[in-house]
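This report describes parts of one protein chain. Please look at the sequence and the model before reading on.

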Amino acid sequence: MVQAAISSETSTQTIQSKAIAEISYYVAMPNPHNHLFELEIQIKGWQGKVLDLRMPTWTPGSYLIREYARHVQDFAAIASATEESLTWHKQAKNHWQISTGDTTDITVRYRVYANELTVRTNHLDATHGYFNGAALFFFVPGYTDESFILTVEPPHEAWQINTTLPLLEDYENRFWVENFDVLVDSPVEVGLHESYEFIYNDKPHRWVVWGDGNLDVDQAIADTKNIIKVEADIYGGDLPYDEYMFLLHLSSSGYGGLEHKESCSLNYPRFGFKKRDSYNRFMQLVAHEFFHLWNVKRIRPKALEVFDYENENYTPSLWFSEGITSYYDLIIPLWAGVYNEKFFLESLGKDISRYLTTPGRFVQPLAESSFDAWVKLYRRDANSNNSQMSYYLKGAMVSLMLDLLIRDRHNNQKSLDNVMQVMWEQFGKEEIGFTPEQAQQVIEGVAGCNLDDFFQRYLHGFEEVNLDHYLEPFGLKLKPIYDDNKVPYLGAIAKTTNNQTLVESVDSGSPAHRAGIDPGDEILAIADYRITADQLGDRLQNYQAGDTISITIFQQDQLKTLAVTLAEAQPSSYQVKKNPQASATQQQKLKGWLQR
Ligand SMILES: [Zn+2]
């Protein structure tokens with residue numbers, strides 16, 4: 001065990017408890033093609049009669065109980081000195097209890113099946129090993145603040161280890177881990193991958209890329225540097241880390257990102273970098289995860305100040321952590337010169353369209369969406385659009401409105417950037433969790449006005465947001481777009497596969513909903529003539545709003561013909577348009593916002 005330089009009072013307490021036991025972790029992967037990580041935990045100087053080991057059920061940044069223990073197999077506990085087996089019993093799904101008696105030095109061995117390539121799980125195959133601490137390691141309750149050593153054994157000499165954990169001097173594969181939180185927050189990539197290093201602000205950064213694809217690394221590094229600069233400026237210029245790693249997994253169709261304090265894990269389609277739009281979206285993902293190193297990794301809602309790795313950590317404030325970050329991931333690449341105003345306004349229009357075409361915005365308030373992330377956002381079903389509003393998406397809408405409100409009131413001399421700076425100073429630097437009331441106070445302080453009404457309407461209620469009201473001072477306006485010459489509204493989305501047309505979702509309150517059409521129904525015909533999903537729009541064009549048509553379906557195997565009264569056409573999307581008659585003041589304000 002290696003001890004850190006200790007200065008604070010809490011750390012002194014840590015030193016005393018360290019006398020009780022030393023813990024070391026070993027990870028090996030001798031046969032990577034079998035997808036099994038081989039783990040060993042060595043505990044020395046154990047004083048108790050039993051030893052409890054618990055596996056996290058989730059990992060920070062991804063708010064769903066994932067039951068990582070389900071991949072644990074071949075668990076064994078032995079006395080280190082004699083190799084004699086120790087008795088153990090499972091106490092709960094993620095809790096193993098070993099009867100240690102007088103044995104002080106204990107070795108625990110187990111394997112973890114790792115064949116799920118996402119940013120929040122483990123993946124091991126013949127080309128690489130990737131792991132997240134929460135998904136691989138047990139912790140010993142009461143000892144999660146202790147430092148320890150992690151040893152990683154690659155299966156071949158050629159495999160490199162990439163992580164932001166500090167290497168122990170004189171070793172190539174032994175890392176010093178400050179505590180269990182740091183282990184969870186430091187993904188490790190082992191394998192045959194490319195590493196591209198660059199310096200920014202005297203600090204080492206690297207892109208580590210696993211998998212083949214068409215990423216232009218030089219371009220990515222140049223754009224990454226510009227994004228780092230813009231984001232650091234927002235928070236006052238400093239980069240609160242010693243080094244940073246962008247870990248990228250290239251796969252056939254994966255998409256995802258997970259933030260850490262000194263790294264992020266990204267998953268993106270391997271051939272998704274040549275097409276400009278797709279590359280821009282990748283840079284939005286980079287901007288998003290990097291922004292998190294401040295917002296959510298250090299500026300944390302109170303409920304996430306200390307992680308409970310076994311249970312849901314409920315908070316109404318994920319809209320702040322994810323919504324603000326989502327708003328910024330649109331505009332930061334613009335400020336960084338990755339893309340132009342046209343692309344930014346198009347992207348903003350797409351987000352606004354998704355928001356304004358989600359019926360769930362009138363059902364689930366934003367704060368509740370955050371609180372219920374654990375049972376809703378990650379568990380979508382056919383009714384989700386009707387009953388849920390993503391805290392990412394509405395959070396971004398609310399953040400947009402707040403930024404525009406502040407900029408309008410202060411003529412761009414203040415903005416949401418100032419909110420983030422104050423949050424960084426008050427909460428982020430010292431990692432003190434913020435309450436919803438404190439966040440509101442900071443926003444009100446920067447805006448210079450009371451926002452009780454705003455928060456009541458848009459955070460705790462589900463009143464329709466009036467985006468035009470906030471866009472107008474900047475000479476912008478929403479333009480509704482109608483597909484296919486204003487086809488009358490049915491309110492059901494269907495998909496045809498193998499000659500079978502199945503309803504995927506039905507908007508609540510829509511004509512299809514009122515007539516009794518359900519997700520899962522098979523649509524056979526409109527007015528007695530066969531229909532496929534592709535033909536639906538064309539066929540509906542033959543009717544007017546108010547017309548009643550017959551739709552024949554199979555519902556739970558029963559043939560039914562339903563009378564459906566079509567409604568007025570609905571916009572399928574919205575665009576953010578510049579008002580050609582915008583005043584000089586409006587143009588000036590727009591320039592101050594978009595050109596920062
Ligand atoms: Zn995020």
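At what angle do helix α11 and helix α12 pack, and how far apart are their axes? Helix α11 (residues 416–428) and helix α12 (residues 436–447) pack at an angle of about 135°, and their axes are 9 Å apart. Residues are numbered from 1 along each chain as its sequence is written. This is a predicted model, in which local features need pLDDT of at least 70 and side-chain atom pairs count only at pLDDT 80 or more, while totals for chains, interfaces and linings use all residues.

**Confidence**

The pLDDT is the predictor's confidence in each residue, from 0 to 100. For this chain the mean pLDDT is 94, and 96% of the residues reach 70 or more. Over residues 1–19, however, the pLDDT is below 50. This stretch still has 18 contacts in the model beyond near neighbours in sequence. A contact here means that the C-beta atoms of two residues, placed from the backbone, lie within 7 Å.

**Two helix pairs**

Helices (H or I, at least four residues) and strands (E, at least two) are DSSP runs, numbered from the N terminus. Axes are lines fitted to C-alpha atoms, for helices over the stretch in contact, and angles run from 0 to 180 degrees between N-to-C directions. The two pairs are listed below.

| Helix pair | Angle | Axis separation |
|---|---|---|
| α4 (residues 217–234) and α5 (residues 276–291) | about 40° | 10 Å |
| α11 (residues 416–428) and α12 (residues 436–447) | about 135° | 9 Å |

Angles under 35 degrees count as roughly parallel, over 145 as roughly antiparallel, 65 to 115 as roughly perpendicular and the rest as oblique. By its angle, the pair α11 and α12 is therefore oblique. The residues in contact are Asn 418, Val 419, Val 422, Met 423 and Gln 426 of α11, with Val 442, Ile 443, Gly 445 and Val 446 of α12. By class, this contact has six nonpolar, three polar and no charged residues. In this count Ala, Val, Leu, Ile, Met, Phe, Trp, Tyr, Cys and Pro are nonpolar, Asp, Glu, Lys and Arg are charged, and the others, Gly among them, are polar.

The pair α4 and α5 is therefore oblique as well. From α4, Asp 223, Thr 224, Ile 227, Ile 228 and Glu 231 meet Met 283, Val 286, Ala 287, Phe 290 and Phe 291 of α5. The classes in the contact of α4 with α5 are seven nonpolar, one polar and two charged residues.

**Strands and sheets**

Two strands pair if DSSP finds at least two bridges between them.

Another open sheet has six strands, in the order β4-β7-β2-β1-β10-β12, and its pairing is mixed. Here β4 (72–79) and β12 (174–177) are the edge strands, each pairing on one side only. Strand β10 (residues 148–153) runs antiparallel to β12, joined by four bridges. Ile 149 has Trp 176 in β12 as its bridge partner.

Further along, β24 (residues 548–555) pairs antiparallel with β22 (residues 522–526) over four bridges. Strand β24 is also joined by eight bridges to β25 (residues 558–565), again antiparallel. Thr 552 stands opposite Ala 525 and also opposite Thr 561 in β25. The hairpin of β24 and β25 has two residues between the strands, and Gln 556 takes a positive phi near 50° there.
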